[in-house]
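Visitor: I would like a close look at one part of this model, namely its salt bridges and the contacts around them. Please take me through it with care.

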Amino acid sequence: MALVSPLPPPQGGIARWTAMIAGAARGIGTVDVVVVDIALRGRSIHQTSLARRILAGAIQLARSACSLGWQMARRRPDVVHVNTSGHLGVVRDLVLLRICRVFGVPFVYHIRFGRVPEIVAGGRREWRLMRRVIERASAVVALDEETELAIRGHADHQLLVRIPNCVDLSTLPSGPGRASPRKRVLFAGWVIPAKGVEDLLAAWQDIETTGWELVIAGPGESGYVQRIRPSTPEPAVTFLGELGGPDLLELMAGCEVFVLPSHSEGFPNVILEAMALGRAVVATDVGAVAEMLGDGCGVVVPPHEPDRLAVALAAVMSSPDHRSELGERARRKAVAEYALPAVFDRYVALWRQVSGGREDGQAVVRPATGATAGHHT
């Protein structure tokens with residue numbers, strides 16, 4: 001099976017998911033997964049110039065197409081599973097779909113963002129291109145209910161399933177995490193406007209933070225970080241930059257509150273990890289977040305509203321009992337519904353279905369051999 005998806009670095013949510021799925025394939029031995037790495041290369045995450053984005057996208061498209069074509073010629077995978085974040089990447093998805101059709105290989109299209117209802121309603125070119133991929137794919141994977149309903153209502157499809165993201169419980173730290181003299185509110189993710197970092201900083205200015213610190217962990221352009229960094233030492237805000245997976249999880253295990261004020265998400269892995277670690281979570285109602293934090297497993301607020309975010313953070317920060325209750329409910333839900341082995345089995349079942357399962361129940365996808373899972377760029 002060829003998984004067309006980014007790998008770290010940088011430590012984005014989809015990249016970490018890719019490494020987790022490849023690792024599960026190695027450990028479980030159900031399928032032989034080769035990763036075609038489509039991680040962002042050639043431009044800063046803050047470059048918004050259309051010309052630069054098109055040039056970087058063209059280079060990435062050529063690299064991805066060549067890598068997938070090489071895998072097709074060399075190994076002829078039984079299934080190709082492509083992760084997409086939309087935007088200009090949809091052009092790449094069309095090219096990869098065409099390669100799969102030339103070789104007669106089933107194509108699974110995994111939509112990893114939560115903007116689908118919005119772009120469907122707007123009738124944008126992005127949706128028109130996506131719909132072409134959806135209607136020609138062997139299967140489509142949605143992360144949240146609203147995305148699934150939008151696709152069902154506005155595109156023909158052969159097979160549409162909803163599979164959540166997952167968390168590898170075996171990688172979580174068992175100890176209390178990184179100690180701090182102050183109680184900690186943690187944000188982890190790209191330090192960019194779309195993640196709501198400026199909303200978070202505005203909310204932080206409006207609440208009582210004595211004895212607390214806000215820690216922002218994730219990659220960001222130095223000029224942007226300097227522009228948004230508070231000019232006074234209080235309330236305490238620390239920018240840590242990008243951390244490796246184990247370091248980030250240790251930091252998360254030691255926080256009292258995890259916050260993700262994004263303007264757009266799919267099914268955030270960082271929220272799953274915070275839930276599995278029993279942390280109280282405050283996040284915005286985007287993508288599948290409300291579904292993840294339902295049943296009293298966290299606090300959800302509207303995006304783009306720093307005042308509402310401030311009220312929610314203040315309420316959680318002021319009550320240790322409330323934090324404990326939220327964290328315990330979240331931990332139980334993560335273990336019961338989002339643990340890696342059960343979710344990975346659903347992917348394997350899907351790959352088996354689209355590749356034409358045998359009557360003896362064996363998957364047509366190749367069983368893992370000594371090569372195991374790896375990546376090719």
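What share of the contacts in the chain with a separation of 6 or more comes from residues 24 or more positions apart?

Guide: Such residues account for 72% of those contacts, a contact being a pair of heavy atoms within 4.5 Å. This is a predicted model, in which local features need pLDDT of at least 70 and side-chain atom pairs count only at pLDDT 80 or more, while totals for chains, interfaces and linings use all residues. Residues are numbered from 1 along each chain as its sequence is written, and side-chain values use heavy atoms, with hydrogens and water left out.

The whole structure holds 15 salt bridges, each defined as a side-chain nitrogen of Lys or Arg within 4 Å of a carboxyl oxygen of Asp or Glu. One of them joins Arg-184 to Glu-213, with the closest N and O atoms 3.7 Å apart; the pair links distant parts of the chain, since Arg-184 lies in strand E7 (residues 183-188) and Glu-213 in strand E8 (residues 212-217), 29 residues apart. Strands here are DSSP runs of at least two residues, and helices (H or I) runs of at least four, numbered from the N terminus. Arg-184 is buried at 2% relative accessible area, and Glu-213 is buried at 12%, where buried means under 20%, exposed over 50% and partly exposed in between (1.4 Å probe, protein chains only).

Another salt bridge, between Arg-308 and Glu-305, has an N to O distance of 3.5 Å; Arg-308 is partly exposed at 46%, as is Glu-305 at 34%.
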